[in-house]
Amino acid sequence: GANIMLSDPGSLSNFGPERLEDCDWKAIANADVVGVFNWNMNERANELIMEVFTFAKERGVKTYLDIGDPAVAPQRKFDGLLSILRMGIVDVLSMNEWEVVKLCNSIGYSVDEPIEAAKALYGALAVGEIDVHTSEYSYSTRHDVLVPTFAIEVFHLTGAGDSWNAGNILGYLLDLKVEERLMLANATAGCYISRPDGRHCNLSQLSEFIRSSRLRGFTLD
């Protein structure tokens, strides 16, 4: 009756920029968005982010970072990440409620509320936007926008953050308003986790989910 995720990065636990071939660098240069995900599982993630994002930014490519569960990372890795986040090469930093509080605490803020943690990080770092996703709402710092999630019956949680990122990135690519982008991200995740078959939604299913679902009502303390 529990939702359990087991992760084994295999050879990706030591994936550095030298593993990228000429065709990979060409694809990055021609991309609209380039992302690095699962920072927590890759011992060389900081090096990878530094080279790939610097290369991308020099070519006008939007950069997107999701660090994953930071509990497995030692402080020295956090220190390297924080140095990168102060360089101005990360356009979007995406985290869940636990991750944003953990990262905020790692730089000396005693904060346990996700929105306040996101605001503190946004003020301390040189990141274009911090997007926080929770089970009840999503929040973006730059315009101080909060959008509730959909009231649904949840069948599984594994992969919810990946689905949310997919919808969020699509929202950026479509140049949606912040409220619309967060709603699309919430819907992409909500449609996925509410399907008993565990399959991701196509566009028509996502559209129907948005039309037929209601937003969650909640209050922040």
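Is Cys 201 buried, exposed or partly exposed? Cys 201 is partly exposed, with a relative accessible area of 23% (buried means under 20%, exposed over 50% and partly exposed in between, with a 1.4 Å probe and protein chains only). This is a predicted model, in which local features need pLDDT of at least 70 and side-chain atom pairs count only at pLDDT 80 or more, while totals for chains, interfaces and linings use all residues. Residues are numbered from 1 along each chain as its sequence is written, and side-chain values use heavy atoms, with hydrogens and water left out. Helices (H or I, at least four residues) and strands (E, at least two) are DSSP runs, numbered from the N terminus.

**The disulfide and the other cysteines**

- A disulfide is a covalent bond between the sulfur atoms of two cysteines; here the call is made for a pair of cysteine sulfur atoms within 2.5 Å, and by this rule the count comes to one disulfide.
- The partners are Cys 191 and Cys 201, with their sulfur atoms 2.1 Å apart.
- Cys 191 sits in helix α7 (residues 178-193) and Cys 201 in the loop between α7 and α8 (203-212), so the bond ties together parts that are ten residues apart in sequence.
- The disulfide of Cys 191 and Cys 201 is left-handed, because the torsion about its S-S bond is about -105°.
- Cys 191 is buried, at a relative accessible area of 4%.
- As for other cysteines, Cys 104 counts as buried at 0% relative accessibility, and Cys 23 counts as partly exposed at 48%.

**Ser 194, in the α7-α8 loop**

- Ser 194 is found in the loop between α7 and α8, and it is buried with a relative accessible area of 19%.
- A polar atom of the Ser 194 side chain lies 3.2 Å from the backbone oxygen of Cys 191.
- Leaving out residues up to four places away in sequence, Ser 194 touches Ile 152, Glu 153, Phe 155 and Phe 209 (contact means heavy atoms within 4.5 Å).

**Helices α2 and α3**

- Two packed helices are described by the angle between their axes and the distance between the axes.
- The axes of α2 (residues 45-58) and α3 (residues 75-85) come within 9 Å and cross at roughly 10°. Axes are lines fitted to C-alpha atoms, for helices over the stretch in contact, and angles run from 0 to 180 degrees between N-to-C directions.
- That makes α2 roughly parallel to α3 (angles under 35 degrees count as roughly parallel, over 145 as roughly antiparallel, 65 to 115 as roughly perpendicular and the rest as oblique).
- On the α2 side, Ala 45, Asn 46, Ile 49 and Met 50 meet Lys 77, Gly 80, Leu 81 and Ile 84 of α3.
- By class, this contact has five nonpolar, two polar and one charged residues. Ala, Val, Leu, Ile, Met, Phe, Trp, Tyr, Cys and Pro count as nonpolar, Asp, Glu, Lys and Arg as charged, and the others, Gly among them, as polar.

**Helix α5**

- In α5 (residues 114-124), Pro 114, Ile 115, Ala 117, Ala 118, Ala 120 and Leu 121 are buried.
- The cover over those buried residues includes β3 (92-96), α4 (97-106), β4 (129-133), β5 (137-140) and β6 (145-148).
- At the start of α5, a side-chain oxygen of Glu 113 reaches to within 3.0 Å of the backbone nitrogen of Ile 115.

**Thr 134, between β4 and β5**

- Thr 134 lies in the β4-β5 loop and is buried, with a relative accessible area of 14%.
- The Thr 134 side chain has a polar atom 3.1 Å from the backbone nitrogen of Glu 136, and the side chain also reaches the backbone oxygen of Tyr 137 at 2.8 Å.
- Not counting residues up to four places away in sequence, Thr 134 touches Glu 97 and Thr 149.

**Positive phi in loops**

- Asn 38, in the loop between β1 (33-37) and α2, has a phi near 55°, a positive value in a residue other than glycine. Asn 38 is partly exposed at 46% relative accessible area.
- Asp 175, in the loop between α6 (160-173) and α7, likewise has a positive phi near 55°. Asp 175 counts as exposed at 66% relative accessibility.

Technical notes
A polar contact is a pair of N or O atoms within 3.5 Å; within protein, one must be able to donate a hydrogen and the other to accept it, and residues adjacent in sequence count only if both atoms are side-chain atoms.
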